[in-house]
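Please find below a colleague's note on the model under review.

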Amino acid sequence: MASTNPLSFAESLELIRTADDDNVKAKSWLGSAANYQFQLAAELKVRFHRSFFFPVTRGARASVKDLEFAWNVISLYLNNSLGLFKMDDCAHFLHNLELARVMPVRVAKRLLDAALLHRLTCFYQPNSSTEQCNAASIDMAEIYATMRKPWYERVISFEPLLKRDPAGIYPLMEGASKDVYRSRVEWLAGQFRTDEFEVASIALSLSRNGARPPFNHIGYYLFDGVDALRLALFGENPSPLLKSQYPGTSAIIVYWMVQAGFVSAVICMVSAIIRAGGSVVGAAYLAIIGLVSAETLKGSVDFFLKFWSIKRPSFALDFNQDGLPRSASVLIAVPMHLVSFEQWDCALRVACWNLIQANDTNVSVVFLTDFPDSSSPSDTSAERDLLLYAMERVKRDSSNWAGRNVEVHILHRDREFVSREGCWMGHERKRGKLTLLNRLILHGEDRFSAATSGAHAICRSSNYVLCLDEDTRLARHSLQRMAGFLAHPLNIPKFENGRVCRGYALAVPSVMTDAESLKTWRWPSFSVGPSIDPRSKISPSRNFFFDWFGQALYSGKGMYAPKDFEAAIADKIPDGIVLSHDTMEAAWLRPGYVDGALVTDAHPSSFHSFLVRQERWLRGDLQNAAVLMQLCFTQQRRPPLLTYFTVTAQLLAWLGNAGLFSLFVVLLAFNLPGAWYVTVFAIMLAGGYQRFIINAWHDRKLPIKEKMRIYPPYFLRIHLAQFIRFVSLPLHAVLLIRSVTITAWRLATRRRLLRWRASVIANAYQGRLDSALPLVWSVSALATFLLLMNWPERLRPVQILVLCAWALAPGLNVLLNRKL
């Protein structure tokens, strides 16, 4: 049927804006399908009203222009196919008339929007007949259904060229990665002022001349090999306009400059408020304020620089639909201490969960086990019984896991005497077990003392290793996404002078707190921060650190190829001193962020185990700083500058609470005015407020009712979390002082640098944190003494608040350690 729609694009938009729904309802031609047709038309009308009738921003105005371009193109097909719309026919029509070649990618993406607008105009046009309105509603339903599937690749002119990739990689890629390739072709065409089809055809011809990967992959010339592409197009040297991101050292310098600007602004504002003058106390106060605000305003610095950073793509092959090929088999490695039967049963449940989420026959699990530190060389009878129980459970239950027979194994190693630690323990702890596993996979060296049947064969046949903790849960398809990331040719690491100069040797997912782990104790329920259920749908997200600095942070959960791991590390990390090995491994492996991959980490199940973990992380960062200072003077083993930046930022985060505590001590000791206290409280709340504002900015399109449901409780939780932080400042300050003292002594004597307690051991040891809590009790007693001696004549209300809070600090530990 031919369409009688003589209206222009602008007239159609005006018609939809002013259309009267009541008049449409009254038309007799709606018949039995009245409700469905009118509901669909009304929904589409609201969509266009929100998107195009208020083009106040530059992006909205550009979107309207793209829609108009798409309207002019697709109208040639729609004017003669009313009621007969089919996407395949439309694509065939556009290719035959070579209309697809004149459309940029951004216009092709708006093609169906234009088609909907065209048919919606027919629906609301006053002179439309009954047959035309019914046919228009049929087309709208067909177009709306097509939009929910991958469709626009069929109308892109250069898509067939990309599919002819000589390496055969492009057809195997997932949809999001293909979109990045298409957008890159569009961007290069704009930079070169040429046709998109021409860019893709030149890239294809260059890749056909490539002898080996990645030079035989068409994507190489769209990203890494742009210089060769421009030379082939124009015979000229590459343009500096193609440098779209701050590289290497420049990114760190720019970040520090912006952070210094924010901190300087805060210091100037505080100085103007308190009028410190030139006193020594005022100068010390402002210096500590600068230190604390540098850590507090980190989120604001990241948010500010995010507008100048370009999202780095996470290229990946599509292993979700057909599963992992044999050449990309994955071994999930779980290093752990064997402590109790309950702990082992819990670890098995988590492993079963991960296998169900992976849902792939080329995925196996191996537990890398050993026993906790001991003063005796021999295992106890309880430990031997526990190991036998673990092996029997694996042998008995693995045939029923995930509804199929899966490969779950145990590799156990014995303790050895480490003279520096003065005890029998596993060599280099978790890092030592991973090193033994890598040598078993690559060289067949078996240094484990016990193993389940078939464990060695499964390990030798694995191509990738996914390292997880015993309480880490995988989200759906995250494992396939990480394997696809490492298998992509543009991500395969290239080594130069023993360093990864291009690509990534480690795939890092998003790591969030497991929401289920927050329901046991009082502490994490309101002050942990964002959490998620691993069953939730994963939304695409950006990683600022990866976008700005070119590599991601690594927290011990990630996937790597053993051969790349061994080639990158190559004895660069010294033995007997590195407690937090993930930061040092990231220095050499160059982690890449995998968008769409998620793992959840369980929060410590008690306030006591939380403090134990904090102490271990703090000691690890301090020892890493000492290692970096040592390696700074060795040319071959010197880590990249970004590693020094990362460790410095982590140490700065630890100094935040200690700085706040010292600020309040200065205020109390010198009896300073109340405005000085108010400024410190404002600095404390600044971090929560900036997250509140950033989240509100991201959710600005939510309905008012939904915002009122989310943000008032969120606002209250910010203040409650900061109140708990304020009360526990003495504990955090004592923890820092204690950790610094112990670490300095152990570094000087080179003894007991690897001492730590696993979380399961910390949970079993509910009570004192060695000497930390007695020191907190002394702070509490001093605060109580000052209150009693000076109450109420000599104290201001704000001083009474501070001293009362610190007097109650030990009670906070008792309260937060009680189960709900």
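1. Basis of the note. This is a predicted model, in which local features need pLDDT of at least 70 and side-chain atom pairs count only at pLDDT 80 or more, while totals for chains, interfaces and linings use all residues. Residues are numbered from 1 along each chain as its sequence is written, and side-chain values use heavy atoms, with hydrogens and water left out.

2. Confidence. The mean pLDDT (the predictor's confidence in each residue, from 0 to 100) of the protein chain is 83, and 86% of its residues reach 70 or more. Among the elements of the chain, strand β7 (residues 464–467) has the highest mean pLDDT, 97, and helix α2 (residues 21–25) the lowest, 51. Residues 25–34 have pLDDT below 50, and this stretch has 12 contacts in the model beyond near neighbours in sequence (a contact means heavy atoms within 4.5 Å). Over residues 53–59 the pLDDT also stays under 50, and the model has nine contacts for them beyond four places in sequence.

3. Composition. The protein chain has 33 helices and 14 strands; these are DSSP runs numbered from the N terminus, helices being H or I with at least four residues and strands E with at least two. Of the 820 residues in the chain, 52% are buried; buried means under 20% relative accessible area, exposed over 50%, and partly exposed in between, with a 1.4 Å probe and protein chains only. Among contacts with a separation of 6 or more, 79% are between residues 24 or more positions apart. The accessible surface comes to about 37,600 Å², and carbon and sulfur atoms account for 58% of this area; such areas come from the Shrake-Rupley method with a 1.4 Å probe, and for residues only the protein chains shown count as cover.

4. Nonpolar cores. A nonpolar core is a set of buried Ala, Val, Leu, Ile, Met, Phe, Trp, Tyr and Cys residues joined through side-chain atoms within 4.5 Å. The largest has 112 residues, and those with the most contacts inside it are V155, F367, L479 and M559. Helix α7 (residues 111–124) contributes the largest share of this core, nine residues. A second, separate core holds 45 residues, including V465, L628, L651 and L753. Not counting residues up to four places away in sequence, the residues touched by M559 include V330, Y464, V465, L479 and M482.

5. A link across the sequence. What ties the loop between α15 and β1 to strand β14 (residues 591–601)? K311 forms a salt bridge with D595, the closest N and O atoms being 3.2 Å apart; a salt bridge is a side-chain nitrogen of Lys or Arg within 4 Å of a carboxyl oxygen of Asp or Glu. K311 lies in that loop and D595 in β14, so the pair ties together parts that are 284 residues apart in sequence. K311 is partly exposed, at 40% relative accessible area, whereas D595 is buried, at 11%.

6. Other salt bridges. The structure holds 32 salt bridges. D345 in helix α16 (residues 341–358) and R393 in helix α17 (residues 381–397) are 48 residues apart; the closest N and O atoms of their salt bridge are 2.6 Å apart. R393 is buried, at 14% relative accessible area. E428 and R431 also form a salt bridge, with 2.8 Å between the closest N and O atoms. E428 is buried at 8%, and R431 counts as buried at 9%. Separately, salt bridges that share partners join E153, E159, D179 and R182 into one network.

7. Surface patch. F304, F307, W308 and W697 make a nonpolar surface patch of about 480 Å². Patches are made of residues with over 30% relative accessible area and no salt bridge, like charges being joined within 9 Å and nonpolar side chains (Val, Leu, Ile, Met, Phe, Trp, Tyr) within 5 Å. W308 lies in the loop between α15 (298–306) and β1 (330–337).

8. Two threonines. T743 is found in helix α29 (residues 729–749) and is buried, with a relative accessible area of 3%. Beyond four places in sequence, T743 touches R619, L622 and Q623. T643 lies in helix α26 (residues 641–669) and counts as buried at 5%. Leaving out residues up to four places away in sequence, T643 touches T583, A587 and L628.
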